[in-house]
Amino acid sequence: MSTSSDELTSLEKFSRQRMRSSFIDKEDLIDGRNPKHDEKPMVGETVVTYLLRTNRHLLNLLEDNVQYSETKNERDSLHDLVALLASITLAIKQVGAMVRRMGLPFAESNNPEELNKLANETWITCLLFSRTCCMLVSEDLEEPVAIEDEMQGQYAVVFDALTGLADPPCEDRGAIFGIFRQLTRGPPRMDDVIQPGKQLIAAGYALYGAATTLMFSIGDGLHGFTLDPSLNEFILTHENIKVPYTGHQYSVNEGRTVLYDERTREMLQALKSQPSLDGKKRQLRYVGSLVADVHRTIMYGGVYMYPQNKNNPMGQVKLLYEAAPIAFLVANGGGQALTGLDPILELVPTSIHDRVPVFFGSEDDTNFCTGFYRASKPIDDPMFTLRRTASIIEYSKNSILDDDDVEEDGILCAHLPQVG
């Protein structure tokens with residue numbers, strides 16, 4: 001099909017406009033801040049253009065909480081990070097296509113174990129040829145993959161290439177990843193990946209289904225992208241997602257109730273008998289797939305939990321490449337991520353496959369559940385019940401809350417009438 005010179009001119013103008021809006025010179029920065037960061041997102045904005053538009057002014061922030069990092073040349077870390085994320089999104093697209101073809105005659109594999117292996121190999125290949133990684137940790141490999149010589153970069157990537165239920169439907173499956181900066185000089189070492197989640201510089205997960213969704217954060221909020229099949233690009237559809245402060249859904253495998261300890265069983269009973277802060281009766285919603293359940297919790301509020309039990313006394317969720325990246329995302333959306341007593345982002349793994357119990361979700365619901373693991377349970381305090389009841393009434397009148405209105409125990413003290 002031929003294209004007229006006028007059409008070419010229009011295309012060139014559009015391309016130059018996109019380039020000008022994506023790349024920012026130092027002269028465009030005002031007090032280290034990108035004035036274009038406050039602009040509305042462009043129509044059809046991709047992961048790459050979003051990063052270039054909003055995070056150019058965060059080049060120094062990428063180094064926060066990192067003990068040591070070194071670049072091989074004068075390029076800033078954002079450029080390498082963009083290249084790395086482009087490789088990750090490529091892996092997500094390829095694996096997503098494999099998942100959607102399951103059950104068809106021309107599928108790469110209809111065997112779940114073989115598909116997991118193919119997904120893992122796809123991720124490793126994409127990450128290796130990005131030339132930005134020094135160490136890779138996968139859920140499907142016993143040992144990390146060290147990258148040296150001319151292929152070595154400055155990032156350590158941890159990932160679960162294909163997580164979720166083993167059989168279709170495909171919307172129960174997804175991928176999780178986290179990105180650390182290399183801490184050591186020279187060849188990669190284990191110290192480069194044995195880091196607490198608070199030192200992640202970026203994390204995300206993909207959820208496969210009728211639409212492939214990518215949830216992503218670089219530490220400046222939580223953002224959602226949706227794969228446009230006509231462009232084969234992830235397009236920004238949800239900017240600055242906020243986890244609701246409270247919700248009326250909880251997600252847990254109650255089929256394991258007999259294996260839970262007394263504290264967990266008491267907590268589950270309280271969830272059923274006590275209304276949520278918005279006054280609604282709580283409802284159980286459980287798919288059994290970590291990414292699917294967490295995604296619903298982030299979007300609609302509530303709490304997802306996988307407590308320890310007799311069969312898994314240390315918990316079930318892998319800390320380094322599952323719990324930590326999701327905790328990073330939830331925290332950037334304003335939610336809570338705890339093991340029951342400790343913030344997940346503060347935990348330092350002792351090995352790459354450590355497991356932990358997890359509680360993700362709305363601040364009020366997560367604090368309510370984890371309160372049963374403390375020495376003094378909130379449900380035993382009659383004043384807690386009285387104050388919470390009053391808070392539920394006031395919350396129904398003041399559904400929009402300010403941060404100053406909320407105390408750590410989930411009580412809206414600012415709205416309660418004063419005595420005397």
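How many bridges join strand 1 to strand 2, and do these strands run parallel or antiparallel? Strand 1 (residues 133-138) is joined to strand 2 by 2 bridges, and the two run antiparallel; within this pair, Met135 stands opposite Ala146 of strand 2.

This is a predicted model, in which local features need pLDDT of at least 70 and side-chain atom pairs count only at pLDDT 80 or more, while totals for chains, interfaces and linings use all residues. Residues are numbered from 1 along each chain as its sequence is written, and side-chain values use heavy atoms, with hydrogens and water left out.

The open sheet has 8 strands in the order 2-1-3-4-5-6-7-8, with mixed pairing (two strands pair if DSSP finds at least two bridges between them; strands are DSSP runs of E, at least two residues, and helices are runs of H or I, at least four, numbered from the N terminus). Strand 2 (145-146) and strand 8 (233-241) each have a single partner strand, so one side of each is left without a neighbour in the sheet.

| Helix | Residues | Angle |
|---|---|---|
| Helix 4 | 112-128 | about 155° with strand 3 |
| Helix 7 | 319-332 | about 85° to strand 4 |

Trp123 is in contact with Phe159, Ala175 and Phe177, among others beyond four places in sequence.

Technical notes
Contact means heavy atoms within 4.5 Å. Axes are lines fitted to C-alpha atoms, for helices over the stretch in contact, and angles run from 0 to 180 degrees between N-to-C directions.
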